[in-house]
Amino acid sequence: MARKRTTLGKWTRRSFLATAGIVGGGLALGLTLSPNRLKMADPDTAEKGETILNTWVKITPDNRITVLTPHAEMGQGAGTGLAQMLAEEMDADWDQIQIVQAPATDAYTNSDLGRGYIVGEGARIPAFAYPMLDFAFFKISENLVGQLTGGSTAIRLTGHHGMRRAGAAAREMLVKAAAVEWDVPAGTLVASKGTVSDPKTGQSASYGALAARAADFTPSLKPVLKSPDAYTIVGTSRPRLDLPGKVTGAAQFGMDVTLPGMVYAAVALPPVLGARATAVDQSGLPTGGGVGEVVNIGRAVAVTADSYWTAARALEALQITWDGGQPDLSSDTIRAAQDADLTDKEREVMDRDGDVDAALERGTPISLNFSVPYLAHATMEPMNCTIWVRDGACDVWVGHQNQIMARNWAARRLDLTPDQVTMHPVYLGGGFGRRAEMDVISIAGAIGDKIRQPVKVIWSREEDMANGAYRPAILSRMTGTVEDGKITAIHHTYIDADSGMPDSERPFGLQYDIPNRNIARIKCPSPLPVGTWRAVDFTQMGFFHESFMDALAAEAGADPLAFRLDHTSDPRIRAVLEHAREVADWETTLPAGHGRGIAMVKSFETIVAQVVEVRIDAGRAVHVPRVTSVVDCGRVINPDAAEAQITGSVIFGLTAALYGEITVANGQIQQRNFPDYDMLRLANAPVQAVHFMESDHPPGGLGEPGVPPVAPALANALFQATGERIQTLPITKHGFAVA
Amino acid sequence: MAINFLLNEQPVSVDVDPAMPLLWVVREKLGLTGTKFGCGIAACGACTMHVDGTATRTCMLPVSSVAGAQIRTIEALATDGALNAVQQAWLEHQVPQCGYCQSGMIMAAEALLNETPDPTDADIDAAITNICRCGIYDRVRAAVHRAAQLRKEG
Ligand code: FES
Ligand code: FES
């Protein structure tokens, strides 16, 4: 990991390079980060591959503007938001715009035109991306961050630094083209709604008509950006461009790919974590009836057939011998190990100030232990990958959050070069971090290599759930004391099971001004596979911090919201909390058996405060009638899409807080399908309100920040209603039911 | 042995294992992939089609049991490219996120409105039990009410 970070350090201060050219008679414009222009001039240097986040805009003579976006569409609507940012600076007519997900092929990533774009001065690669980088294998693409979708980056990095400049540079070139055409100074011309016009003469020309000539100019590296007061597209709720196909069944997900001559494969994965298939007894296998081959790749066994169902049935008929792995693993042993470490192991101090011990001694400290469970992503679309391997070539259809890394991974497994692997973008039926992992491409690649004809490998829901990359389960112990209504000290020790997020991006610090503090972690790597999971570390730390904050408020006899305000001078956080007090009717009285809780978490440059209301019915049935979110995510690009990200995050967070828990016994994951790992349904969904703060700050993330405050706000509401402090998630573990 | 039924008003005949669930027959043998696989145990609703007008989870429904039946899938809702009321309402309210659960959700809503043209919130709660991992439930509720209105306006 250290090596990777050093390699990347040099990426932080780089100029960027713009290229333009003609494609299909129109203008194609890409902007690229490069170490320096001299190196860029040599097409054979490895740096040639250093595209970071690609942007490509294409204007064709028929006056269509196509925006190629490097981010996978998994429900977040990023493509539409990015196109809005580009169209705004370009003064395009929104109706001209279409979006296409950039294919992860060399034609796109390495050609001069397609090299894409980004990262202006001062921007940096988000550190969470480091582990997703692919340094290892191939010269040409070894430095590609490629097309990563995760960490709430699309709008705040690609959009803010890339799309806006690409749009502005294109507009400047189109205006110049008109100026030359009409022999007038460019400064006298006006660009608006996809047309350049001359107010003096009244003549005008469409972007499409000007595109070919515009391509003669060199794009500006520092185009003039608009003043936000002039925005007409950014900040408006444009309908998402990907939605029409999602109401007709036409949208193509990975699961829907159909190729001539394709077979279907069902996979059996090790029942015990880490085991390998050492023998496969095929004597029970039905002959004929569409059943094809049995493939044992060690980490999985597959059967092919002329339908998935037939393959899955045939798989059940096999006797597979699995050996090794971790058959002694259980949730209890994992928890006991963490418990022991929390007490015995040396603390690695992350943040220390003042004299915590003295302050705790002076006061009457309270101490609480917290724990959060493993969680599965349970994307609605089970894992799948369609692959066609042949000599010297491979085609892959997979919903993946990092297409280029998936491509390189496939190439390495198959002994091909990356440019021999063609990735075909498809929609993702949910990602949440699960589709940034490489297991699916590895397994499908190995199967495809043996089958050597197009094969769609489908995970059953059971295999999907039992072979995840889980949000880590961890423990925490917080101690603090309050004097005269103010927290004087907080001591926090937590287990770090390593979610895969790099240290520099991980939350550990307190969100409030506490004079004496001592925050430390204890590393205890997870024996279960773990990975990023929608806001991952923030969901853990948010629960600990904001539950404890509430406990301290109760100790002080203070109103939890006012108590938070009393401990922060951050103007943006204060404004969010104050707004929440108002719009959530914080100060109105609730009937008996009801409770209202608040939590606030800042993540990915976005502040979210949530007020959750609960009602406890007979039989400890928890009903959540209402959730109010107040969000400061800087400038809002598309209010309606932004609201959807928050309301969706609230459901995601409630589902986790109420039901979510992955457990292991005898090395086997105990949850296999939805009844074991339940989901909130429409009947239990709260009425929601989302309020965005007016802001000129650069856009923060939106796909994830709505999740972390949900669990603590809900637990805090339960405390108000029942006097019980939930310290261990999920809530249904404590004899509560969901109503 | 061939099994015959009507798929979106077209007669079809398939010669498959009679135990094969309708979902896989429609997706893989008849090529309509709009209906999705989510759980395989009738728990999520992603595979919802209409069987003789009733919203039905088809991932466990043997194809033999629909011999002679009328099957309707998401692909049949729009006529000549014109979206039906539910689809229009869905776009007005920008309901889908990833979209994977949406075919099943829309088919459940369509069946509800066929039976109960003016559903209450309680009717919607009872009829739409599909899982959406992206959490679009509040918009589904609003869009169903809007679709009811659009249908009345005809
Ligand atoms: S796939 Fe049929 S209900 Fe889930
Ligand atoms: S829209 Fe993604 S699962 Fe429902």
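A:Glu546 is buried, with a relative accessible area of 0%. Keep in mind that this is a predicted model.

**Exercise 1.** Find which residue meets A:Glu546 in a salt bridge, and where the two residues sit.

*Solution.* 
- Step 1: The side chain of A:Glu546 meets that of A:Arg564, at 2.7 Å from N to O.
- Step 2: A:Glu546 belongs to helix 14 of chain A and A:Arg564 to helix 15 (residues 560-565), so the pair links distant parts of the chain, 18 residues apart.
- Step 3: Now check the arginine: A:Arg564 has a relative accessible area of 0%, so this residue is buried.

**Exercise 2.** Are A:Glu613 and A:Arg596 buried or exposed?

*Solution.* 
- Step 1: Recall the cut-off: buried means under 20% relative accessible area.
- Step 2: A:Glu613 has 10% relative accessibility, so it counts as buried.
- Step 3: A:Arg596 has 8%, so it counts as buried too.
- Step 4: Their side chains form a salt bridge of 3.6 Å, N to O.

**Exercise 3.** What does the salt bridge between A:Arg506 and A:Asp537 tie together?

*Solution.* 
- Step 1: The closest N and O atoms of this pair are 2.6 Å apart.
- Step 2: A:Arg506 lies in the loop between strand 21 (486-496) and strand 22 (516-523), and A:Asp537 in helix 14 (residues 536-556), so the bridge ties together parts 31 residues apart in sequence.
- Step 3: Both residues, A:Arg506 and A:Asp537, are buried.
- Step 4: Widen the view: a network of salt bridges links A:Arg506 and A:Asp537 with A:Glu348, A:Asp496, A:Asp498 and A:Arg521.

Key. Residues numbered from 1 in each chain as written. Chains lettered and ligands numbered in written order. Predicted model: local features only at pLDDT ≥ 70, side-chain atom pairs only at ≥ 80, totals over all residues. Heavy atoms only, no water. Salt bridge = Lys/Arg side-chain N within 4 Å of Asp/Glu carboxyl O. Helix = DSSP H or I, 4+ residues; strand = E, 2+ residues; numbered from the N terminus. Buried < 20%, exposed > 50% of the residue type's maximum accessible area, 1.4 Å probe, protein only.
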